[in-house]
Amino acid sequence: MSMPEKNLAASVHPIKLLPLIRFTRLNIMEPTGDIAVIGLAVMGQNLILNMNDHGFTVVAYNRTTSKVDDFLANEAKGTNVIGAHSIPELISKLKRPRRVMLMVKAGKPVDEFIETLLPHLETGDIVIDGGNSLFDDTNRRVKLLESKGFQYIGTGVSGGEEGARHGPSIMPGGSHSAWPSVKPIFQGISAKVDGGTPCCDWVGEGGAGHYVKMVHNGIEYGDMQLICEAYNIMKNGVGMSADEMHEVLKEWNTGDLDSYLIEISRDILAKKDEDGSPLVDKILDTAGQKGTGKWTVINSQDLGIPITLMAEAVYSRCVSALKDERVKAAKKLKGPRPFLTSIAANPERKKQFIADIRDALYCSKIVSYAQGYMLMRAAAKEYGWNLNYGGIALMWRGGCIIRSAFLGKIKEAYDKNPKLANLMLDDFFRAEIKRCQKGWRKVVSTAALRGIPVPAFSTALAFYDQYRSAVLPANLLQAQRDYFGAHTYERLDKPRGEFFHTNWTGRGGNISSSTYNV
């Protein structure tokens, strides 16, 4: 070594080189994040922790960046979760293709985050919306991002806080090319049933995933309303205590009605307030809603599908919100006393009537799901989706709010006949309705006679009777429409598709209006 080289080497102290070495290594280090989650409310946090538990490295970000530090110092302490305090930092920590999942409020906030993200993304990167977005918004966003070279997934996530943490039902749709990149994560963290089958699979193009989640929520509204009606009859009709009803639901949860919503209703009825009285009796009887049930009903009207039970569930919440009006009306509008004295006083009759209530709930539940599947079939046709109806039942079988043993039978029905026109026509469900409808009719008629409101039980029975009627009085309705509006009608003795108009008064003329269907 020459003297100048020797002197140079001696002049560079090894310790002084360490900061330079560290700096160089940090700049060449490969990104380690498998996915980023934006939004650190409870659902976002729990999904992140679930992903971490399953071996995925998650980058966490929140618009209020102090929440990132709080999350890392508390709930995510000791995990492999990485924090980010800006969008550029978040992107820099992700492997390619970058996967960014939004867990933010539906609507404008989703669009705002997409606009913020796009300048920092590369072709092929994936944006995922895991909130309760309207499927039309997802359709629009899929087209927008794909037109710019990106991929977009709109996915329903159901199961609440507990599901997000320990295994939700996940319903992804959108850019099919993105599915292989998110499949290991989504199926890894989802609930598992039937020996490890994930409650997550690809639903379809565009907004199909969010659509199926929307229908899920509509069915959820229906299930909750049906349980509430059963509770109301037992409480105000039969005079049962919360503890007695707890025992009934405990029994129901071991049979055909085994489900998450029956389970939590059982537990709610057992919960005591500080004074030892049932807590449920102290909760104000006004129900809220976030809009997904309303979306389902609006879309059903657009498609002309009668999801009458879900509609009644939505409107029942609206009626509950009229608390002050109802209190005043109760003093002026009279009806029969709801208490069923002869039934409540006779143990055998009481036991049989409780069984009848159970049958009414079960049959109405079958109708609700049949209507939900009717809506999905119509949507698949309208929007060009190829939905796997048995697969959807499997996705709902675990993890989600409507999870139940009942869904296993729906999967069997559609696996046996993928083109099944209506769930009630399946051999199993047809036999179940036949077995239980006597009790169903008894409960609805008894409730009507005693002034106990059962809108969901009643509309389910009315739909069942309408659907099984070969002839309905719509012939008179069409005659009425033709009389006052010249809307025309079809004839039984002529081929379908031929329309006729009658000059009913002799003064209306023979000109008919254009025909249309809603």
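Contact here means heavy atoms within 4.5 Å. The structure is a predicted model, in which local features need pLDDT of at least 70, side-chain atom pairs count only at pLDDT 80 or more, and totals for chains, interfaces and linings use all residues. Residues are numbered from 1 along each chain as its sequence is written, and side-chain values use heavy atoms, with hydrogens and water left out.

G33 lies in the loop between α2 (14-28) and β1 (35-38). Helices (H or I, at least four residues) and strands (E, at least two) are DSSP runs, numbered from the N terminus. Leaving aside residues up to four places away in sequence, G33 touches T57, V59, K93, L94 and K95. The C-alpha atoms of G33 and S92 are 9.0 Å apart, although 59 residues separate them along the chain. G33 has 0% relative accessibility and therefore counts as buried. Buried means under 20% relative accessible area, exposed over 50%, and partly exposed in between (1.4 Å probe, protein chains only).

Helices α10 (residues 208-237) and α11 (residues 242-252) pack at an angle of about 140 degrees, and their axes are 11 Å apart. Axes are lines fitted to C-alpha atoms, for helices over the stretch in contact, and angles run from 0 to 180 degrees between N-to-C directions. The two helices, α10 and α11, are therefore oblique to each other. Angles under 35 degrees count as roughly parallel, over 145 as roughly antiparallel, 65 to 115 as roughly perpendicular and the rest as oblique. From α10, the contact draws on A230, Y231, M234 and K235; from α11, on M245, V248, L249 and W252.

Helix α14 (residues 308-320) has 13 residues, which should span 18 Å at 1.5 Å a residue; its end C-alpha atoms are 18 Å apart, which agrees. The expected span is 1.5 Å times one less than the number of residues. The buried residues of α14 are L309, M310, A311, A313, V314, S316, R317 and S320. Their cover includes α10, α13 (292-303), α15 (323-332), α17 (347-383) and α21 (455-467).

Backbone geometry was also examined. Most residues other than glycine have a negative phi, and most peptide bonds are trans. The R96 to P97 peptide bond is cis, with omega near -10 degrees. P97 sits in the loop between α5 (87-92) and β4 (99-102). D194, not a glycine, has a positive phi of about 50 degrees. D194 belongs to the loop between β8 (192-193) and β9 (197-198). Its relative accessibility is 56%, so D194 counts as exposed. A486, also not a glycine, has a positive phi, near 55 degrees. A486 falls in the segment after α22 (474-485). A486 is buried, with a relative accessible area of 13%.
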